[in-house]
Amino acid sequence: MGAKEEILSRISSALRDAPVPAPVPREYRKTSDMEESALIELLVDRLEDYKAHVNVVDAAELSATIAERLKDATSYVVPHGIAGEWLTNAALANDARRRVDAPGAVLGIPELDGTDAVLTSSAVSIAESGTIVLDGTGDQGRRAISLVPDHHVCVVPVSTIVQLLPEALPRMDITRPLTWISGPSATSDIELERVEGVHGPRQLDVIIVKGL
Amino acid sequence: MSGVFMGMPSLPVFGDGNLHIDEPFPAAAHRELGNTQMRANLRHATHTIRDKRIKVVGELPDWEELRDAGAATKNQVMANLPALLEEFEKNFTARGGIIHWARDADEANRIVSDLIKEQDTTEVVKVKSMATQEIGLNEYLEEQGISAFETDLAELIVQLGHDKPSHILVPAIHKNRTEVRDIFLAEMPNVDPNLTDEPRLLAMAAREHLRRKFLSAKVAVSGANFALADSGTLAVVESEGNGRMCLTLPETLITVMGIEKLLPAKEDLEVFMQLLPRSSTGERMNPYTSLWTGVTEGDGPQNVHLVMLDNGRTAALADKYGRTALNCIRCSACMNVCPVYERTGGHAYGSTYPGPIGAILSPLLTGIKSEENSSLPYASSLCGACFDACPVKINIPEILVHLRGEDVDSRRGEKKLPSQMDLMMKGAQWAFSSGKNLGLLEKGLPLGKLAAGQDKKIKRLPGIAAGWTQSRDIPAPPSQSFRDWWKKEHQSEATTMKQEK
């Protein structure tokens with residue numbers, strides 16, 4: 001008998017008493033009705049608690065804000081699907097610092113390691129826990145680009161913010177590679193003292209965009 | 001194949017690897033209690049996490065409802081395990097993942113080792129994983145000439161210090177910053193000799209040390225926190241980004257996961273991803289969670305393997321009073337509130353799984369008769385703090401009592417002569433059956449003083465009573481029994497009263 005057959009047979013034998021568990025009660029909060037301004041305020045509070053840097057801007061200010069956040073980077077990577085209008089600011093147009101990661105033209109790991117920053121969008125954000133979800137689509141890119149550079153500038157359109165995790169899950173395509181980010185890389189392994197930044201990006205800048 | 005019972009094994013098959021303890025808990029605890037530095041470190045750490053946990057749990061108005069949903073979901077999973085495993089395998093495989101099944105630690109180790117050798121490498125990076133700790137994978141790989149680098153900071157400290165983890169979430173909880181610095185200075189190649197003990201600088205030294213390994217590793221080994229049956233998705237929850245490094249940069253990813261880690265559907269994540277981070281680190285959410293479903297072209301590893309591990313889980317499942325121990329999501333909340341763990345530390349529990357959950361899980365996985373594991377269910381004051389803290393409501397005290405009963409029953413059959421306990425009980429029956437008998441026995445009390453030393457404490461009782469004095473001293477008995485004292489007092493009282501009359 002193969003290992004699988006044997007394990008399944010052991011399980012059946014273990015469950016000979018045919019337990020009939022109670023149905024799952026789902027009395028916890030599944031929906032909320034928080035207004036947009038309160039939602040933004042809650043998300044900002046949570047992100048700042050994680051030591052992320054946060055800007056809340058109108059769509060018209062987005063490109064200038066991105067330029068401001070990237071001003072110290074000597075190089076940065078953007079996924080191929082980033083909207084053109086995000087990069088229209090004078091400091092970003094025809095920017096020699098920019099490297100584009102695209103399917104069929106991916107940056108190698110050494111090249112990513114030599115890149116200071118990364119700019120991505122995001123798929124959905126959860127205000128209550130300060131969580132931003134990336135799903136690997138065109139404006140967020142493959143997982144490595146938001147991991148290896150030390151500084152992550154992440155754009156959060158207000159329309160993608162929800163209050164609760166149960167409101168966020170239906171918006172996620174679970175079979176895509178997903179990364180949930182709640183603050184920059186951190187460790188508390190030495191005397192439980194929190195240290196921001198170990199292996200992932202040590203600086204997380206979030207730009208929350210109204211009207212987007 | 002289907003999950004229909006095939007009539008083969010009816011006796012539980014227990015697990016092996018690092019689940020057995022080779023020294024009874026009381027002996028190990030006695031030794032560990034002497035380490036005052038460790039106790040101070042532990043007290044600080046457990047109290048810090050405990051307070052954070054209470055604060056973030058208090059923020060959720062529906063915490064109890066989430067716990068109810070979590071507990072009920074896990075009970076459903078255990079009852080429907082064969083069907084869910086089949087469903088998971090079908091979906092994970094359909095998306096390019098490869099599943100391997102392992103009956104025990106040795107089989108799992110061989111599978112992982114063979115997969116690594118196929119990739120023609122002798123180095124792997126590892127994400128912290130309880131399952132690979134349980135099967136002793138690092139030691140096995142070392143015998144095969146493969147170096148496994150732990151990348152979680154705490155695991156790295158433990159590995160470089162040639163130590164064992166003492167907590168499931170913060171494995172180096174027993175070390176303070178100075179001890180960590182000393183380990184790094186002694187064991188980390190190319191470390192700055194002027195390294196101070198500031199946690200930030202120590203974390204940066206670890207970053208430096210591991211960066212090349214991450215960027216060049218061909219194979220990574222991980223555990224998994226959850227597996228979703230309806231999509232074939234795996235999830236790893238972490239903080240440092242070392243997990244993301246391992247899960248996305250190498251070409252080959254090998255995950256080892258216990259068969260009990262399944263959840264039926266995506267919807268269940270909404271419960272468990274609220275319960276787990278708040279219960280474990282006291283955070284609203286951990287910094288990074290990665291989810292992957294088989295292979296995604298152009299993103300992450302293209303060879304994705306999963307080893308499904310039994311190693312005693314089916315035996316635990318067969319214990320209908322103890323099986324809810326498999327509901328554990330390894331958050332460590334129980335150890336952070338346990339008065340026994342706080343004083344003895346994790347090493348005293350011997351097995352990979354320390355603390356209250358370890359005291360039930362280890363003997364359930366190995367069988368109560370295995371080596372010294374029968375001492376683990378006694379490593380508790382039954383205060384119930386662990387049950388209150390458990391996000392999936394595992395009734396640890398109840399299972400501890402059940403396992404103590406199993407232990408006593410398993411010994412009963414072995415003995416032909418009456419045990420010391422039987423004789424003591426007989427003696428007690430005689431003593432307490434009449435006041436005369438008890439009085440007679442009490443005449444022997446002053447003898448107890450002889451057993452005590454100059455400090456009027458009895459440090460060692462003989463025979464079965466020795467357990468009582470293993471971790472505490474008993475004050476010497478008084479020279480006079482209460483009954484004698486009463487008699488004397490009232491005799492003089494009676495005399496006085498007579499005289500007054």
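Two strands pair if DSSP finds at least two bridges between them. Strands here are DSSP runs of E with at least two residues, helices are runs of H or I with at least four, and both are numbered from the N terminus. Val125(B) stands opposite Ala220(B) in β4(B). Val125(B) also stands opposite Phe149(B) in β3(B). Strand β2 (residues 123–126) of chain B runs parallel to β3 (residues 147–150) of chain B, joined by 4 bridges. To strand β4 (residues 219–222) of chain B, β2(B) is joined by 2 bridges, again parallel.

Some ground rules apply. This is a predicted model, in which local features need pLDDT of at least 70, side-chain atom pairs count only at pLDDT 80 or more, and totals for chains, interfaces and linings use all residues. Residues are numbered from 1 along each chain as its sequence is written, chains are lettered from A and ligands numbered from 1 in the order in which they are written, and side-chain values use heavy atoms, with hydrogens and water left out.

Phe149(B) has a further contact. The charged end of Lys213(B) sits over its ring, 4.4 Å from the centre. The test asks for NZ of Lys or CZ of Arg within 6 Å of the ring centre and within 35 degrees of the ring normal. Arg244(B) lies over the face of Tyr288(B), 4.7 Å from the ring centre.

Rings also meet rings. Phe, Tyr and Trp (its six-membered ring) pair if their centres lie within 6.5 Å; planes under 30 degrees apart are stacked, over 60 edge-to-face, and the rest tilted. Over all chains there are 7 aromatic pairs. Phe25(B), Tyr341(B) and Tyr349(B) make up one aromatic cluster.

Now follow the sheet that involves both chains. Its 8 strands run in the order β8(A)-β5(A)-β6(A)-β9(A)-β9(B)-β6(B)-β5(B)-β8(B), open and with mixed pairing. The edge strands, β8 (161–162) of chain A and β8 (262–263) of chain B, each pair on one side only. Within chain A, β6 (residues 131–134) and β9 (residues 178–181) are antiparallel and share 3 bridges. There, Ile132(A) has Ile181(A) as its bridge partner.

A cavity is a set of points, on a 1 Å grid over the protein atoms alone, where a 1.4 Å probe fits but cannot get out; lining residues have an atom within 4 Å of a point. Points are joined across faces, edges and corners, and volume is the space filled by probe spheres set on them. The count is 9 cavities of 30 Å³ or more.

Terms used:
1 Å grid on protein atoms, 1.4 Å probe; cavity = no way out; pocket = protein on both sides within 12 Å on 5 of 7 lines; lining within 4 Å.
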